[in-house]
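Student: I have a model open and I'd like to learn how to read its features. Can you walk me through it?

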Amino acid sequence: MKEIKKQRILTGDRPTGKLHIGHYFGSLQNRVKLQDEYETFILVADLQALTDNFSNPEKVAQNIYETTLDNLAAGLNPEKCTFVVQSMVPELAELTMFYSNLVTVSRLQRNPTIKTEIGQKKELFGSEGESVTYGFLGYPISQAADITAFEAEAVPVGEDQLPLIEQTKEIVRKFNSLFKEVLIEPEAVISEHKRIKGLDGNAKMGKSLGNSIYLSDNEETIRLKIKGAITDTNKIHKNDPANPEICMVGYYHKLFNKDNLETVYSECRKGERGCVSCKKELADNIILYLKPIQERRKYYEERPELVKKILIEGTKKARLITKNTVKKVKEAMKINYFDE
Ligand code: TRP
Ligand code: SF4
């Protein structure tokens with residue numbers, strides 16, 4: 001029987017902190033499912049993290065390990081997928097250099113993801129000129145280099161990344177029409193769960209927002225965080241009826257207590273449920289849910305040499321592919337000067 005070649009996917013994270021349940025429902029869970037169907041590459045995107053943290057490279061360096069641990073903990077199997085450290089693949093920087101000639105500065109400034117991020121920087125630092133570097137503005141080009149270097153057909157990402165995939169497609173089309181059909185145009189694969197709200201009711205759970213439940217949080221931390229979650233503020237006494245739809249505890253029950261959801265909601269509405277016990281029930285469920293994830297994390301935490309090996313070998317394997325892509329790109333551009 002002829003073996004059907006699996007399609008390839010590339011996805012990744014910026015190593016800037018530990019991953020939280022928002023990452024889990026937004027992407028990790030989806031990756032775990034996809035690893036059986038696709039040839040999977042997971043990029044630890046340290047170069048991209050540096051575009052925002054250049055004065056703090058230690059933070060990025062430390063989080064390479066944490067991000068990898070979180071992915072392994074979530075259930076990504078190193079036998080099935082390949083982990084790659086971005087800065088250890090020089091071909092990605094080479095391709096970025098070539099592609100930067102295919103994208104105008106104004107197109108980058110119009111990229112909705114970049115536009116939002118520049119807006120946030122403005123709020124933080126006052127003026128755009130002082131905070132937006134050339135490297136930061138260009139990170140969509142570097143992401144296009146990542147995706148095309150691996151010849152990824154599909155890119156599983158959250159919704160906020162769609163403009164980056166669109167930018168990649170444009171670069172591919174431009175390159176291919178200028179030179180030769182050598183680059184593969186990728187498709188985004190959006191996971192069903194979109195964005196998970198934060199403990200404070202913020203629309204986004206964010207590493208920097210202080211409103212997250214981390215995959216590696218211990219029992220005590222989880223209980224404390226749930227105790228502090230925003231509930232229906234109209235409910236004062238234990239037996240007041242309330243609206244679970246405007247309560248963050250009610251919201252997380254939807255994710256972690258599916259089997260008992262109807263009871264939770266109807267008891268809350270009828271005033272038959274106290275917030276204290278409701279929060280306890282939720283915390284119990286989250287702890288139970290995260291247990292296998294944390295057990296896997298512990299396994300790898302106790303074996304740092306294994307994690308290192310996974311990253312080194314994965315990166316080595318990756319370079320066989322990325323070197324070949326650069327070769328094809330140079331041939332297409334006829335700048336392969338000294339090739340035999
Ligand atoms: N931009 C992604 C993030 O912020 C990380 C990333 C870098 C990535 N290169 C990629 C994702 C290539 C998918 C494909 O998390
Ligand atoms: Fe929220 Fe539960 Fe209190 Fe209802 S009973 S308001 S769902 S914490």
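Tutor: Let's start inside: the largest cavity has a volume of about 120 Å³. On a 1 Å grid over the protein atoms alone, a cavity is a set of points where a 1.4 Å probe fits but cannot get out. Grid points are joined across faces, edges and corners, and the volume is the space filled by probe spheres set on the points. Before going on, note that this is a predicted model, where local features need pLDDT of at least 70, side-chain atom pairs count only at pLDDT 80 or more, and totals for chains, interfaces and linings use all residues. Residues are numbered from 1 along each chain as its sequence is written, chains are lettered from A and ligands numbered from 1 in the order in which they are written, and side-chain values use heavy atoms, with hydrogens and water left out.

Student: Which residues lie nearest the centre of the largest cavity?

Tutor: Lining residues have an atom within 4 Å of a point. Here there are 14, and Lys235, Cys247, Cys268, Cys275 and Cys278 are the ones nearest the centre. Helices H12 (248-256), H13 (261-270) and H14 (275-301) each give at least two residues to this lining; helices (H or I, at least four residues) and strands (E, at least two) are DSSP runs, numbered from the N terminus.

Student: What are the polar contacts?

Tutor: Look for a pair of N or O atoms within 3.5 Å; within protein, one must be able to donate a hydrogen and the other to accept it, and residues adjacent in sequence count only if both atoms are side-chain atoms. A polar side-chain atom of Gln48 sits 2.7 Å from a nitrogen atom of ligand 1. For the side chain of Gln143, an N or O atom is 2.8 Å from a nitrogen atom of the ligand. Arg14 has a side-chain N or O atom 3.3 Å from an oxygen atom of ligand 1.

Student: How many salt bridges does the structure hold?

Tutor: Side chains of opposite charge can pair when their charged atoms come close. The cut-off is a side-chain nitrogen of Lys or Arg within 4 Å of a carboxyl oxygen of Asp or Glu. The structure holds 28 of them. One joins Glu94 and Lys330, with the closest N and O atoms 3.5 Å apart. Glu94 is in helix H4 (residues 90-99) and Lys330 in helix H15 (residues 304-333), so this pair ties together parts 236 residues apart in sequence.

Student: What about the second largest pocket?

Tutor: A pocket is an open set of points with protein on both sides within 12 Å along at least five of seven lines. This one holds about 640 Å³ of space. Its lining has 26 residues, with Thr51, Tyr134, Gly135, Phe136 and Gly138 nearest the centre. Helix H2 supplies the largest share, five residues.
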